[in-house]
Amino acid sequence: MVKESIYLPTLAVPHLLNYMNNLSFLREALRSFRSTGAIARSSPALVQKLVEPLPQNRPLNIVELGPGDGCVTRAILEKVHPQSRVTAFEINEAFVARLASIEDDRLRVLGIGADQLTHHFAPASVDYVVSSLPLSMIDKATKAAILQQAQTVLRPNGRFLQFQYALQDYGLLKDYFHRVSVSFTLANLPPAFIYSCSLGMV
Ligand SMILES: C[S@@+](CC[C@H](N)C(=O)[O-])C[C@H]1O[C@@H](n2cnc3c(N)ncnc32)[C@H](O)[C@@H]1O
């Protein structure tokens, strides 16, 4: 009896924290739906699929676009080599403030738009761009600028990783990247497609 009374609250804590995180994500989504583009943060299954291609055996220079409250950021940091660097571009101030609670020297958070990529990175200097940007909600000109800049900053063997709830931007991604492969997960609300794009130069 005593054991159970300790065990049950302990079990409940992670669920409670997750629930509270989702509530504060929902609050931001309702406040600025156009830029957030989702009502819930990505599920652990989607996050894992998105970061799956990142190799662990060498230091990487990684750019993250649209980290939100950091569910993908944390998964990247957990997975990659200890000498990697991760630079996150996020326009929502509330999310930028929450990202500040991630204590990891490898992470730099910039409270600016993804279309500022080439102001911060030289051509061919980035290994992976991991993006959760709501592409379908971003205006055409900004989206083109972001993809163009991602193409510019990626190394010849680099990759652009992105998810989307439908395949609206498959054709557009093909305009910027030579090879675009797509996988899918049902384990997200809503289910999502995951693009892995390479320049096809090597
Ligand atoms: C669908 S949420 C993804 C959040 C989190 N990465 C996840 O997967 O749950 C999209 C995020 O992109 C951010 N965002 C939208 N447009 C942006 C832009 N132009 N530059 C940087 N971040 C942007 C939003 O503020 C939001 O945090």
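**A tour around the ligand**

Start by selecting the ligand: 22 residues surround it, and the closest are T36, S42, G66, E90 and A114 (a residue counts as near if one of its heavy atoms lies within 4 Å). Keep in mind that this is a predicted model, where local features need pLDDT of at least 70, side-chain atom pairs count only at pLDDT 80 or more, and totals for chains, interfaces and linings use all residues. Residues are numbered from 1 along each chain as its sequence is written, and side-chain values use heavy atoms, with hydrogens and water left out.

Now colour that shell by class: you'll get twelve nonpolar, eight polar and two charged residues. (Ala, Val, Leu, Ile, Met, Phe, Trp, Tyr, Cys and Pro count as nonpolar, Asp, Glu, Lys and Arg as charged, and the others, Gly among them, as polar.)

Next, click S42: a polar atom of its side chain sits 2.6 Å from a ligand oxygen atom. Hop over to P67, where a polar backbone atom is 3.2 Å from a nitrogen atom of the ligand. At G68, a polar backbone atom lies 3.4 Å from a ligand oxygen atom.

Last stop: select R41 and D69. What do R41 and D69 form? They make a salt bridge, with the closest N and O atoms 2.9 Å apart (that is, a side-chain nitrogen of Lys or Arg within 4 Å of a carboxyl oxygen of Asp or Glu). R41 is in the loop between helix 2 and helix 3 (44–51), while D69 is in the loop between strand 1 (61–65) and helix 4, so the pair ties together parts 28 residues apart in sequence. (Helices, H or I with at least four residues, and strands, E with at least two, are DSSP runs numbered from the N terminus.)

Key
Polar contact = N/O pair within 3.5 Å; in protein donor to acceptor, adjacent residues only side chain to side chain.
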